Amino acid sequence: MKAYITTRGPHGSQIHTPEKTFDIPPAHERRVTDPTGCGDAFRAGLIYGIEKGYDWLTIGRMGNLMGALKVEHPGTQNQRFDFDEFNEQFKQQFGYAL
């Protein structure tokens, strides 16, 4: 799997592969509290999705959702949730479960 990613803040992201560019829709935060750590959270979502073998659109959505969840909390990584909670947020945001 080879790709490079372009982040676009509230406009989502793009994943560029040798074959295709995927436009990834943004996840929407409930409030903006602190953007510190959003990039790390975004990358964590991408890495998790890649390790689990998801398709590029789902991987990008996971990254976008992680960033949106992070921006709602102060500090670098003070948000807490488990996979079921993340999956429920993912389903609400993107219309399908992981």
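Student: Are phenylalanine 86 and phenylalanine 90 buried or exposed?

Tutor: Both of them are buried. Keep in mind that this is a predicted model, where local features need pLDDT of at least 70, side-chain atom pairs count only at pLDDT 80 or more, and totals for chains, interfaces and linings use all residues. Numbering runs from 1 along each chain as its sequence is written, and side-chain values use heavy atoms, with hydrogens and water left out.

Student: How do you know that phenylalanine 86 is buried?

Tutor: Buried means under 20% relative accessible area, exposed over 50%, and partly exposed in between (1.4 Å probe, protein chains only). Phenylalanine 86 has 6%, so it counts as buried.

Student: How many aromatic pairs turn up in the whole structure?

Tutor: Five. One of them joins phenylalanine 81 and phenylalanine 86.

Student: What makes that pair stacked?

Tutor: Rings of Phe, Tyr and Trp (its six-membered ring) pair if their centres lie within 6.5 Å; planes under 30 degrees apart count as stacked, over 60 as edge-to-face and the rest as tilted. Here the centres are 6.0 Å apart and the planes sit at 20°, so the pair is stacked.

Student: Then why is the pair of phenylalanine 86 and phenylalanine 90 called tilted?

Tutor: Their planes are at 40°, with ring centres 6.5 Å apart, so this pair is tilted. Both residues lie in helix 3, four residues apart, which means about one helical turn separates them. (A helix is a DSSP run of H or I, at least four residues, and a strand one of E, at least two, numbered from the N terminus.)

Student: Which residues do ring pairs link into a cluster?

Tutor: Phe81, Phe86, Phe90, Phe94 and Tyr96.

Student: What makes a group of residues a nonpolar core?

Tutor: They must be buried Ala, Val, Leu, Ile, Met, Phe, Trp, Tyr or Cys residues, joined through side-chain atoms within 4.5 Å. The largest such core here has ten residues, among them Phe86, Phe90 and Phe94, along with Met62 and Leu65. Helix 2 and helix 3 (83–94) each give two or more residues to this core, and helix 2 gives the most, with five. A second, separate core has seven residues, including Phe42 and Trp56.

Student: What does phenylalanine 90 touch, leaving aside neighbours within four places in sequence?

Tutor: Counting heavy atoms within 4.5 Å as contact, phenylalanine 90 meets Thr58, Arg61, Met62, Leu65, Gly95, Tyr96 and Leu98.
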